[in-house]
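Thanks for making time this morning. I would like to walk through one model with you, and I will keep to a few local features.

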Amino acid sequence: MGAVGRPVAAGVGGALLTLLVLWLFYRSGDPLVAPTLTRLFQAVASEWMQVDGWTGRSINFNQGAPRDALFPPVLLVALWVGFSSLLSALIAPPWRGFKSLAPYAVFLLLGWLALDLRWQWALSQRLSQTAATYAGLDQTARYLAGPDRRLYPFLREVLHHLPEPPARVFIVSADPGGANAGRVRYHLFPHNVSLPSATLPGDTKARAGDYVLLLSPMKPVRYDRDHGVLISKDGQRPADLLHAAAQGALFRLREGP
């Protein structure tokens, strides 16, 4: 067996061993599903080709597989590289003079290339999805077509009640560190928007004329309509209600009482 034939044989053997491991794992799953090779190939191909849409982590994180995948692509490649390298070492043992690292480097490079090609294909699919959703739309229409489509109409009303930027806006939320509060803050820029908080701003932070946006559910703060005051566990602030909806309410602070 020549210098080229040994790595090829090891690569083919590694693929067969990987397939055997997957089949053994697959047959140990649902006993009602016959563990045929056809079903196994279908499961592997389906997960390899499945592409999730954009997420909040897409800018710096690659999931690389569906969250509930039985056979993540990284695992498949790792198994193949491992088995192929092991077989290569057995076919051409280093203790018999075969000390070249080229076959192992080739296996690693091919595995890396396979994952990179899948990633590039996933990016192209995401690009197609993005174009189909947003192409030809202005910024407002893009917001209404995007993931904030249920939130943005409420924020448009809030922005309508705010003066020209930069108004001072304090966001109060039961979950100040949550994604919803963060998205609200993003859409209110370039106003001077505070970091979301679970309590009303104190006298040293807010003054008459500033705005408070309460996000539903408004557990930390309630509004007394009869007396025109916002009430929280830390005190109360006189305020006028400007806009209210299911997603929350906007208030303008005023001088007391």
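What you see is a predicted model, in which local features need pLDDT of at least 70 and side-chain atom pairs count only at pLDDT 80 or more, while totals for chains, interfaces and linings use all residues. Residues are numbered from 1 along each chain as its sequence is written, and side-chain values use heavy atoms, with hydrogens and water left out.

Let me start with strand β5, residues 229-232; strands here are DSSP runs of E, at least two residues long, numbered from the N terminus. Val229 and Ile231 on one side of β5, and Leu230 and Ser232 on the other, are all buried, so both faces are covered, where buried means under 20% relative accessible area and exposed over 50%, with a 1.4 Å probe and protein chains only.

What does β5 pair with? Strand β4, residues 221-224, runs antiparallel to β5 and is joined to it by 4 bridges, pairing being called when DSSP finds at least two bridges between strands. Arg222 stands opposite Ile231, and in the hairpin of these two strands, with 4 residues between them, Gly228 takes a positive phi near 65 degrees. β5 also pairs with strand β6, residues 235-245, again antiparallel and over 4 bridges; a hairpin of 2 residues joins them, and Ser232 stands opposite Gly235.

Finally, Leu117 lies in helix α4, residues 102-134, helices being H or I runs of at least four residues. Leu117 counts as exposed because its relative accessibility is 53%.
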